[in-house]
Amino acid sequence: MLKVSSYPHISSETTTRKIMFIVIAALMPAFFGSIFFFGIRALIITLISIVSSFACEALCQAIRKKPITINDGSAILTGLLLAFNLPSCVPYWVPVVGAFFAIAVAKQVFGGLGYNIFNPALAGRAFLMASWPSIMTGKWVVPRLGTMSGIVYSLPVEMTSNATPLTALKDYSSVLGLPELLNAKSTIYSLFLGMRGGCLGETSCLLLLIGGIILISFRIIDFRIPLSYFLAVFSLTGILWLLGVTPVTPLFHILSGGLFLGAFFMATDYVTSPMTRKGRWIFGIGCGVITVLIRLWGGYPEGVSYSILLMNATTPLIDKFTRSRIFGH
Amino acid sequence: MFKNFTEGIFKNNPVLVLMIGLCPILAVSTTVKNSLGMGAAVIFVLILSNVTISGLRKFIPENIRIPVFIIIISTFVTIIDYTMHAFIPELYDNLGVFVPLIVVNCIVLGRAEGFAYKKGIVASFLDGIGSGIGFTFAIFLMGTIRELLGSGTFYGFNVLPQGFQNNPVIFIILPPGGFLVIAFLMGIMNHLKRSQA
C-alpha cells in the first residue's frame, strides 16, 4: 500500500519532547548554581514559574479546545528560562504574572508552540520590566561568596553595594578608579564563576558555558548563533574600548549581564530564530550590535533580552532573504 | 430605519469591526474620564456633520465633496474644541491634540462619504448616533480595562485593593498596552460574530 505523506520522509528519534528535555538538562548546572549563589529562594521562584507556565499552557489549550500538549516540555522550559531572567528577591506573584504573559499572550494567542513570533520567556520578562521596573531592577541579592558588583577587594565606594556589574558601569563609571576595578583580574574571575549580583540564572558564565557545550555537542543548537553573538559583542566593544568610548575591556562586556544565558539558550530558540545558516550569522551579529548599543547608549544597563526580542521580529525577513535558491531557478 | 442606528453599535462597530479611527482610541483611552470625553466629542461632531452633509448633499459638487466635508466637519470640531477649552479645561488638556484631530477622524469622514452623502437626513442622523455610540462604547471599554489594570481605579475612584494599586500593571497604560488591549477586544468581537453567524 502506498502511503502519501508530506516531507520529511526520513523519521528520526528526535522529538520535540526529547529536545526540550535535553535543553532543560543543559540548564541544570546553572540552576543548581543559582540555588548555591542566591539560596533557597531561587529554587522557590523557579518552581513557581515552572508550575505557573505548565498550568497556564494546559488551561489555554483547554479553553481553545486544542489537544493538550503540556508533556512536550516546552512550557517547563519557558518557565525555567523566565525564572532565570528574574532577580531572586522578587515577590512570589511576579513569576506567576510573567508566566501568564509568556504562555497565554506571547505563545498561545499566536497559535501555540511553533507559531510564536517572540521568545515567550523574554516576552514575559519584557512585560514585567515595563510594568514593574522598580521590582525588576530595584533590588538584587548579594550572591554567596561574592559581592554585588563582582569587585572583590577594597570596595571603593558604598554606592556599588547595590549595583550589578553593568549598573556600576552605567551609573558610576565616572567615579575615579572604578573602571580599573571592574577590569581587574579578580573581578573578571568572579564574573566568570558567577559571584556577582544579577538575575538568578544569568550570573555564572562557567555553568552556562557547560550547558551550552552540551547543547552544541548534542547538536541541539547551532554554534553559529552564539558564536556570531559573542564575536559581534567582543569586536564591537573591543573597537569602542580602543577608541575610549567604553572604559571596560571587551572581556568584561562578554562576561557581564545575561549574555551567556541569552546567546546559548534564548537566541537559539528554534521557533524564533532563522533557519538558514547565513541567516543565523546575521541574527547573531544583529543581537550583538543591538546589545552593545543598548548597553552603551540606551536607557537600560543591559540589552541582551531586548536585542533578542528585536531580532526575533526580523527573523521572518532574514529567512526570506537568505533562503537558498532552488538549482536552476 | 432602526437598523441604521444599531448597525454602528455592534455589527459594524467602527472601531472593533471596521478598525477605523484607531489613533484616538489608542492614545486617549488611558482613563475612563478621557474616554468618555472623547466619545462625547465624537458623537457631537458625527451627528451634526452627518445631518448637515445629508441636508446639503444636493448642493455639494461631486468633484470637490471631500474638501467640502472637511470644512463642514471642522466647523463642528472648532465648536466642540472651544467649548471644551472654555468649560472643561482639565479634560481638554488631557485630550490634547486629539480633539482638533477629529477633523480628519476616519469614522466621521467615512460616515460622511459612505452614508450621509447618499441618504436622507433622518437616516443620517440615526447613523451618526449609532456610529458615535459604537465608538464611545469601544473607547469606554478600552478606558475601563486600561484604567482598572493600569492604575487600579475607575473614573478616578479607587476600586481595587490597595496592594494592587501600589503595583499596578503600568504596561497596560503604556502605548504597547493599548495595542494589546484593542487586539484582545477585536479578537473577542470576532469570536462573538463568528459564534453568532
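Which residues in α6(B) meet which residues in α7(B)? I opened my notebook with that one. This is a predicted model, and I keep that in mind throughout.

**Entry 1: two helices of chain B**

I looked up the contact first. On the α6(B) side I found Ile107(B), Arg111(B), Phe115(B) and Ala116(B). They meet Ser124(B), Asp127(B), Gly128(B), Ser131(B) and Phe135(B) in α7(B). I sorted the residues of this contact by class: 4 are nonpolar, 3 are polar and 2 are charged.

Next I checked the geometry. Helix α6 of chain B covers residues 106-116. Its axis and that of α7(B) come within 11 Å and cross at roughly 150 degrees. An angle over 145 degrees counts as roughly antiparallel. I therefore wrote down α6(B) and α7(B) as roughly antiparallel to each other. I noted their crossing as right-handed.

**Entry 2: the length of α7(B)**

I then followed α7(B) from end to end. This helix takes in residues 121-151 of chain B, 31 residues in total. From its first C-alpha to its last, α7(B) reaches 43 Å. That is close to the 45 Å expected at 1.5 Å a residue. What follows α7(B)? I found Gly152(B) there, with a positive phi near 75 degrees.

**Entry 3: where the chains touch**

I turned to the two chains. How many residues of chain B are in contact with chain A? I noted 5 residues of chain B, in contact with 5 residues of chain A. On the chain B side, 4 are nonpolar and 1 is polar, with no charged residue.

**Entry 4: the domains of chain A**

I moved on to chain A. It is divided into domain 1 (16-137) and domain 2 (158-319). I looked up the distance between their centres, taken over C-alpha atoms, and found 21 Å. Then I looked at the contact: 31 residues of domain 1 of chain A touch 27 residues of domain 2 of chain A.

Which elements give two or more residues to the domain 1 side? I listed α1 (16-38), α2 (40-63), α3 (74-84) and α5 (120-131) of chain A. The largest share comes from α1(A), with 12 residues. By class, I found 23 nonpolar, 7 polar and 1 charged on this side of domain 1 of chain A.

**Entry 5: α3(A) with α5(A)**

I picked two helices from that list. α3(A) and α5(A) pack at an angle of about 40 degrees, and their axes are 8 Å apart. That angle makes α3(A) oblique to α5(A). I recorded a right-handed crossing for this pair.

For the contact, I found Thr78(A), Leu81(A) and Leu82(A) in α3(A). They meet Pro120(A), Ala121(A), Gly124(A) and Arg125(A) in α5(A). The classes here are 4 nonpolar, 2 polar and 1 charged.

**Entry 6: α2(A) with α4(A)**

My last pair was α2(A) and α4(A). Helix α4 of chain A covers residues 93-108. I noted a packing angle of about 35 degrees between α2(A) and α4(A), with axes 8 Å apart. α2(A) passes α4(A) in a right-handed crossing.

I wrote down some of the contact residues. Those in α2(A) include Ile45(A), Ile48(A), Cys56(A) and Glu57(A). Those in α4(A) include Val96(A), Phe100(A), Ile103(A) and Gln108(A). By class, the contact of α2(A) with α4(A) has 11 nonpolar, 4 polar and 1 charged residues.

Note on methods:
Residues numbered from 1 in each chain as written. Chains lettered and ligands numbered in written order. Predicted model: local features only at pLDDT ≥ 70, side-chain atom pairs only at ≥ 80, totals over all residues. Contact = placed C-beta atoms within 7 Å. Nonpolar A, V, L, I, M, F, W, Y, C, P; charged D, E, K, R; others polar. Domains from an automatic or database assignment. Helix = DSSP H or I, 4+ residues; strand = E, 2+ residues; numbered from the N terminus. Axes fitted to C-alpha atoms, helices over the stretch in contact; angles between N-to-C directions. Parallel < 35°, antiparallel > 145°, perpendicular 65-115°, else oblique. Left-handed = near helix turned anticlockwise from the far one by under 90°. Expected span 1.5 Å × (residues − 1).
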